[in-house]
Amino acid sequence: MANRIQQNMVAFVLNGRPFSVAPDPDETLLETLRQRCGCADVKKGCDEGACGACTVAIDDVAVPSCLVLTVACAGSRIVTSAGLATDPLARRIGAALAEAGAVQCGFCTAGVLITAWSMFRRIPSPDRDTISRELTGNLCRCGGYDLMVEALAGLG
Amino acid sequence: MSSPPPPWPWTDPYVADLSLPGMVFAAMARSTHAHAALRSIDLAPALATPGVLAAVDGRAFPLMGGVIHSSRDEPVLAVDRVRYVGEPLAAVAAVSPEAAKAGAASVAAAFDPLPPVLTMRSVGLDVPLHEEHPDNVLRDVALEFGPVDESFASARAVFAGTYHYGASTHAALEPHGVVAWWRPEGRLWVWTSTQCPHLVQHGVARLMGLEPSAVRVITPRVGGGFGGKSEVFSHEVVAARLSMLLGRPVRLILSREEVFYTHRGRHEALIDLRLAVGAHDEILGLDADIILNGGAYAGMGLVTTYYAGQFLGIPYRVGAFRFRSRRVFTNAPPAGPKRGHGSVQIRFAVERLLDRAALSLGLNPLAWRMSLALKSDETTLNGLKIGSSGFTRCLEEIARMTAPLQCGEGEAIGVAGSAYISGAAFPIIPNRLPHSQAILRADRSGLFVLTVGVAEIGQGALETLRTLVAQTLGQPTDRVLAVAGDTDACPVDLGSYSSRVTLMAGNAVIAAAAAVRRQLLEAAGDRLAVAPESLDLVPNRVVVREDPGGKGMSLTRAIARAEERIGTVIGSGSYAPAVEPGPYPGGALGPSPAFSFTAAAAKVRFDPDLGAVEVTDIWIAHDCGRAVNLARVNAQLHGCALMGLGEALMEQAGLHRGIMDPVGMLDYGVPTARDLPRIHAVVVSAADPAGPLGAKEAGEGPLLPVVPAIANAVARAAGLDICAIPLSSEDLVRPSARETPLSGEAALR
Ligand code: FES
Ligand code: FES
């Protein structure tokens, strides 16, 4: 019995802290984060990989967490927007988005923040085209793309 | 005071993020039939599902739901009939979301299928959905203003077209959801993602058999609405019932698929339109026959039916007009109010026909629209009092921005114009009570705490209202806090719909702020032994207006002095529009205290081989009166541009073999950052006397002309008469659809 529990445990680093969970085999990382790890900052907009509201960084790469099975995350480094509260780059991104009026209903913002943060770590000075390409997976129904792109281009 | 830190995304919970001690989870069972008699429903298998605690079906709700008194036709859970695939059938509460889902899936229902009504085109020939409407028409409205037949008889030219506008849906990024808690003291608390907390309070109370005073509705942060969260929904009522059964808080969050079934999106419309042009190129007459696909239930459809006709003419001066507007029942999820409620479809038709007429008459489409523009203080034939109109200036701005542009091969620019209400002058439920109310308290700390009933849904309502208070008090905006969206804490406000908040709640908060200002200046004047009228409020201080460096006192001292004098420093304000209805049946639907105006242009690139349309630029010039908060207005213009782009080119939420299709974000396809054209938004700012510090609406009106501007551009680029939205590349590429290119294919100028 003890052995079985051991096998089902998945350990990863979440926002800098070690974390172990015992997920169902078909459980998505989004469910795990929201229901088992208390990460209310990761939003569920569609549960089918279309909206990007659930975006987290896994080993620095921004991915929709609703498309990732938790069992596949063993040993990963997972970062959600809440984990970036004191990260200087993320603060600058958040401030720039807010100042540009690109945070409207805010439901997309946590995902956008992760996407932008991961982009800047790979591409320090992205041009507008690159930024819109990178943001393609993050829907903003409030229509703030242009404001986001403008704000992020100003940071590069 | 230093400026506040930027809003960090996770700080305020949305409804799905709320957790309460002892909370359980609910899920709904939904109809798998488009149209069927519900023979029986058995909750026993659901109740036997592990983890399930309670289940309810339609028998738990004796009353019918519906926002408008005269058309309450929608059961909370189906009773003896189902009328669309996805209609709520039963609800189950369980210890986990998974158990609730499993329980809902095991609800056993037996149906006797009925022939479904799948299109609105066979109106009058189908099996009725509702006994009270044997012809399947919710309302058949016909109104005529001025001598229409004469105007067509004397016209220099008459144009006619048939236009089809496809249904679309809001697709707010946050799915609807609710946490309901029947509390031990016998009150119901409801946290819900809504645009209209007070409407939900009254609606839930009625359907639960409670007094409104027993219901408290709270809006957590709301992840967008666009009209899709402005009714009382089944999930709100069933969560309340389940909580009452269990005595525990119940959370029910809709899946994205369920959001598509909940719908209330843009009505599909079929519009026959005729236009008479006079000898001086004036619009002599407009004549429209409008059929709206309302889906299975009435919802706010009565309003839609009227708006589609009442706003036919604006933003133009029209010699005479008439319309017949019918809203038809079909076995589809109910349509409802979506951004630009009722007038987006008709705008598409009118602006398309105007453009065709301009081409044929050799008129410049922009200059012609300018010559037709309604001016300030005009009254339309149907009695809409226009107040301020910046429409001419909007068109001038569009002309200025697009003038230097050249169009290459396959490129063209289209223009369109529009006007929209700044709040309906008459409430959905007729009464003479205030539409908006506000309370403002000056706190000893130097802060001002505003309490208003509006819902912040991402449109920036609270920031705008705080700005209005701050400007009235001469203080920086961060000195004003807002408490909103809680029916226990806040005075009644009708809600965040019909573009009413800035104007109506704005006037209420200004009145409250003016009262507080008076109290502070009187107290300071008393103390300083000067007349209060000679005093002024500047950031953190009360000063003598003529001598700001001379004697005065700090703001906190002035507040303390006022407290000594009168007790709590508090001001209240309320607003009810001083507008008369038109003197005819239905004359209450259409009037507004003020109208916003918009002109838009779009530049497209068209590939005839692929039928592919690329929108490269959208220009919007919007007259929102005085812009109280420019950044928020600008964000609304961007949002309208993109939602219009989606409606014009990609979004369609209709029936496919009786099933709402698509029911997922991936298939539905809203614009992404890659579909982003260059957006050029300008605000034409001129104070309107009815607006708070001169402000009018900016949240909906700017969407109206975007769709026809794109359609007009494509028509010019492709040499086709565009009569259907969304534009489909199949239609655009099919040779049969390629009519003889329209003659006189003049560029914009
Ligand atoms: S919830 Fe994961 S992409 Fe939408
Ligand atoms: S801000 Fe509302 S979805 Fe992006």
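Predicted model: local features only at pLDDT ≥ 70, side-chain atom pairs only at ≥ 80, totals over all residues.
Residues are numbered from 1 along each chain, chains are lettered from A, and side-chain values use heavy atoms, without hydrogens and water.

Me: How many residues of chain B are in contact with chain A?
Reply: Contact here means heavy atoms within 4.5 Å. On the side of chain A, 43 residues take part, and on the side of chain B the count is 47 residues.

Me: What area do chain B and chain A bury between them?
Reply: Buried area is the accessible area (1.4 Å probe) that two parts lose on being put together, summed over both. Of the area buried by chain B and chain A, 64% lies on carbon and sulfur atoms, and the total is about 3,600 Å².

Me: Which residue of chain A meets B:Glu651 in a salt bridge?
Reply: A salt bridge is a side-chain nitrogen of Lys or Arg within 4 Å of a carboxyl oxygen of Asp or Glu, and the count between the two chains is three. With an N to O distance of 2.8 Å, the side chain of B:Glu651 meets that of A:Arg141.

Me: In strand 6 of chain B, which residue is the bridge partner of B:Ala37?
Reply: Strands are DSSP runs (E, at least two residues), numbered from the N terminus, and two of them pair if DSSP finds at least two bridges between them. Strand 2 (residues 36-42) and strand 6 of chain B pair in the antiparallel sense over two bridges. The partner of B:Ala37 in strand 6 is B:Arg81.

Note on methods:
Helix = DSSP H or I, 4+ residues; strand = E, 2+ residues; numbered from the N terminus.
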